[in-house]
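This report describes one protein chain, beginning with a single residue and widening to the whole chain. The sequence and structure are shown below.

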Amino acid sequence: MTRLVALLAAVLVAHAGQYGLFLYSWIILGGATFAGELTGTVIAAWAVTMAAGLGCRAVTSHLQSALAVIAGARLRRRLLRGALGLDPAAVRREGTGHLLGRVLETESLEDLATGGALRGLAAAVELVLAAVLLTTALGPAVPVLLTGWLVAAAVATARYTRRRMAWTTARLALGNDLAEKIAGHRTRAVQQDPEHRHDGERAALDAYTSLAASMDRGLTVLTVLIPRGWALTGTALLAASVAAGAAAPARAAGALAVMFTYGAMAHLSTGLAGLADARCAWAQLGPLLPVTTNEPPADAAVPETVTIKANGVGFHYPGRAHAALPPIDLRIDAGDRLVLEGPSGSGKSTLAALLAGTLEPTTGRLHLTSTTPGTVLAVPQADHNHLLLGPLAMNVLLGRAWPPEPADLRSAEEVCRAIGLGDLLDRMPAGMAQIIGETGWRLSEGERSLVFLARALLQGAPVLILDETFGALDPHTLDTALNAALDRTSTLVVVRH
Ligand SMILES: Nc1ncnc2c1ncn2[C@@H]1O[C@H](COP(=O)(O)OP(=O)(O)OP(=O)(O)O)[C@@H](O)[C@H]1O
């Protein structure tokens, strides 16, 4: 953080230096011209000051880039940790499309790091210089007028921020709706009446378009009307000072002050617009960023024996009348092989998620002798699990190593063949390198569940929970897969109907 603050301070100093030198160079030239003393020495001094200003500008750009890289990397690192720590139930409730939209807001926050805040701060420095120039050239009343203009800019910023917030919410809702429709497109194509497939889309689009137009108007007022309005007012003030018979040097100084203030005002407006964008992005991203910065120890050793004890552990989904899992007591010791059976909806998957730590019990206590993430690995039911579009090898090595070492690839193929994927591997032209997934080689339900099993076995977790993993397999494949799983795990819990 200290490095960031130091960089920010350096950028501001370099910026102030750049503008100070720029102004000073023109004051030297203008003063000498009006005094009739425009000598070679004056021109050389002007050129040297301008060159120093350009040097300052180069330094400012370099520091700004360094600041953007560091701030962007920190933001993404925190975002990744925040995303990994998200409560899966909350993600399901909110919708992945919505969440994706929120994460894409990172771009706006990074833009702020590179542009908005710095432009705004630099403009503040420029405005102080502008106020000094205006007072000197056109009298003390003009900075009061400038203050009025700044108040107008603040009001325009607040209006633009409100409109952008509303637009962002509508955009995310629209994006989420689209993502859900794309994900379920095959079901919709087969089961939804084509007449009503696009119901409500036109109205949602119209509402979004009208919010976008309103936001654009707000942006135009802030970034176009405010600075250009000042340019017109400044020109009127200059005209008045000329009419009042101001001397040529005072007229020139006044023109320079008005032009410089216009530049500062334009920078301020774009800076404020950037800040407003970042404020809206932060409203979406803030909740995803973890408050603490403690990283889990990377090399924490997994204990050899793991015991799980559940005392009165139960779970109640918010808003539901009944508990998904009534309080239970349970003990699992290293080396246990358990089958968890029960009727549909009795809470087996909920218990699996609780044991794996993806849900937190709403009643009771769960004790685990290890605090290492990944000690207990639960393979969710196939319809809650995913194949990524990519090589089979990548899909089974997810969570272990990618890009893989040759030894990882050998283990991956060995596990795939051991659990009953050998025939599939021989049929696919590229074997382990075959692209699978939605638009790749389509797998049957049973083959999908075997890929999920291979993925879990290859991670070598001390405790493995398989939720309905064997439900779609024929008896022979089930036998092969179960024996392979028993050979490769120390503690195994199998959930089945
Ligand atoms: N995200 C959720 N929000 C609200 N209720 C839920 C949620 N997930 C599950 N439930 C409810 O919790 C109860 C237990 O669900 P769970 O999936 O744990 O049962 P299960 O025994 O695994 O069922 P099955 O054998 O059909 O897979 C069910 O009544 C279910 O409707």
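In this predicted model, T477 touches I419 and L450, when residues up to four places away in sequence are not counted. T477 is placed in helix α14, which covers residues 475–488. The side chain of T477 is also joined to the side chain of D474 by a polar contact of 2.5 Å.

Is T477 buried or exposed? The relative accessibility of T477 is 15%. Since buried means under 20% relative accessible area, T477 therefore counts as buried.

The chain has 497 residues, and buried residues make up 39% of them. Its secondary structure comprises 14 helices and nine strands. Among contacts between residues at least 6 apart in sequence, 78% join residues at least 24 apart. The chain exposes about 26500 Å², and carbon and sulfur atoms supply 63% of this area.

The following table collects values for the chain.

| Property of the chain | Value |
|---|---|
| Buried residues | 39% of the 497 residues |
| Contacts joining residues at least 24 apart, among those at least 6 apart in sequence | 78% |

In an unreviewed entry, UniProt lists residues 26–48 and residues 117–138 under "transmembrane region". In the model, the span of residues 26–48 is 78% helix and 0% strand. The end C-alpha atoms of residues 26–48 lie 12 Å apart.

How values were computed: Residues are numbered from 1 along each chain as its sequence is written. This is a predicted model: local features need pLDDT of at least 70, side-chain atom pairs count only at pLDDT 80 or more; totals for chains, interfaces and linings use all residues. Side-chain values use heavy atoms; hydrogens and water are left out. Helices (H or I, at least four residues) and strands (E, at least two) are DSSP runs, numbered from the N terminus. Buried means under 20% relative accessible area, exposed over 50%, partly exposed in between (1.4 Å probe, protein chains only). A polar contact is a pair of N or O atoms within 3.5 Å; within protein, one must be able to donate a hydrogen and the other to accept it, and residues adjacent in sequence count only if both atoms are side-chain atoms. Contact means heavy atoms within 4.5 Å. Accessible areas come from the Shrake-Rupley method with a 1.4 Å probe; for residues, only the protein chains shown count as cover. UniProt positions are given in the numbering used here, feature names are shortened, and annotations may be inferred rather than shown by experiment.
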